[in-house]
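Here is a short briefing for a first look. Please keep the sequence and the model side by side.

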Amino acid sequence: MILLLMLPTFSMGQRFRYGPEVTIDKPVDEDLYIAAGKITINAPVHGDLILTGGTIVINDSVSNDILVAGGDITFNGYVGDDIRCAGGKLLVEKNVAGDLVITGGNVQVAKPALISGSLLAGGGEVLLNGTVKGYAKSGAGKLKVNGLIEKDLEVKGGEVVINGIVNGRSSLAAQKLLIGPDAAFMQSVRYWDRKGKADFGQSVKNGRAVFDQSLQIKSPRWQYLGFASFLALLWYLSAVLIFILVIRYLFGEPLQKSAETLTGNIARHIGIGLLFLVFAPIIIAMVCATIIGLPLGLLAMALYFIIIMLSLIISAIVIADWYNTRYERRWSFRNQVWATLIVFIILKLVSLVPFMGWAVMGFTVCLVFGSVIDNIKWRPYKVLHKPFAA
């Protein structure tokens, strides 16, 4: 988030907001993107809502999807589509029309909340007091289910307490499995726990509870369903999404021009990009060697490293714009953002391939940087010659 910290607080219409504290008090009729320390939504958002911040409170309705990463997050308004969320302390108090994908240190779905889609939840502690109309999957250090799950339940965790109703089939695996007095399983149950036998009492109404060794959690340090990695991944992609928004707002036009000429002269662009990547740090080092040029050199060095860190995002933006122009897709801004994120994920996956991935990334970055530099309008300094007075 280095770039965001270097930028001044600003807002552009009602589509993007950034600052120490952002409060939305008027209805927003389009997608809303916010990065701030504290975020409060007190008015309806008739579009997607994408947030990253420390403390986030959503007190009004959101018509479409919510993507949010933060510390302390409260959902206190109706959501018309899916929620994808990662954070520290998370509370869902109102209805969600789509799926709820959520992970954090402490996750609570309150009793009044109705999840019309499915639930995918993980983290340190997960408490489900509400209703899930679809299936539910969870991986957590501690899970407690007091609510209603209309379809199947699949759980892997450290401690699992079931004291609610499951209408579908259940698959339960835990180091410690407890079945409460109000638990009710309407279909068969497969389970595993460390002691080898859990007391289901009369909770299984149809079918029976069967101990299944194949569900065994083989290590106490096992990461349940990979949710620790999932949390880091969601945080990472959320940060990438914010960078995409900022770069598009600030440099959208020059990057669009670079995309239009990206494949016009591939050899030239790769050469220019390679020269920039190799010789820019050498020139910066030479500038830093002089006392007068040291401050400017340090600033240029910081800018160079920021550009290198953001090279994959910049490449993804230019490639997405090239595709949009080349095939005349005429994407809206929202579609451009999501297309850029998809291209970024593809490039990131390619970069993970040893040797071949590095070569492809080097080729791509040089091509994109070369095209960007080649489209900069370099204006030579004009020396004004004044006649020498006799």
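Predicted model: local features only at pLDDT ≥ 70, side-chain atom pairs only at ≥ 80, totals over all residues.

Residues are numbered from 1 along each chain as its sequence is written, and side-chain values use heavy atoms, without hydrogens and water.

**Positive patch**
- K142, K144, K176, R194 and K195 gather in a positively charged surface patch.
- Patch residues have over 30% relative accessible area and no salt bridge; like charges are joined within 9 Å, nonpolar side chains (Val, Leu, Ile, Met, Phe, Trp, Tyr) within 5 Å.
- A salt bridge is a side-chain nitrogen of Lys or Arg within 4 Å of a carboxyl oxygen of Asp or Glu.
- K142 sits in strand β11 (residues 136-145); strands (E, at least two residues) and helices (H or I, at least four) are DSSP runs, numbered from the N terminus.
- K142 is partly exposed, because its relative accessibility is 37%.
- Buried means under 20% relative accessible area, exposed over 50%, partly exposed in between (1.4 Å probe, protein chains only).

**Nonpolar patch**
- L274, L275, V278, F279, I282, I283 and M286 form a nonpolar surface patch, with about 680 Å² of accessible area together (Shrake-Rupley method, 1.4 Å probe).
- I282 lies in helix α3 (residues 266-288) and is partly exposed at 43%.

**Cysteines**
- The structure has zero disulfides (pairs of cysteine sulfur atoms within 2.5 Å).
- C85 is buried at 0% relative accessible area, and C366 is buried at 8%.

**Loop residue**
- A183 is in the loop between β15 (170-179) and β16 (184-185).
- A183 is buried, at 7% relative accessibility.
- A183 and G201 are 18 residues apart in sequence and 9.4 Å apart in space, C-alpha to C-alpha.

Definitions and conventions. Lys, Arg positive; Asp, Glu negative; His and termini not counted. Charge placed at Lys NZ, Arg CZ, Asp CG, Glu CD.
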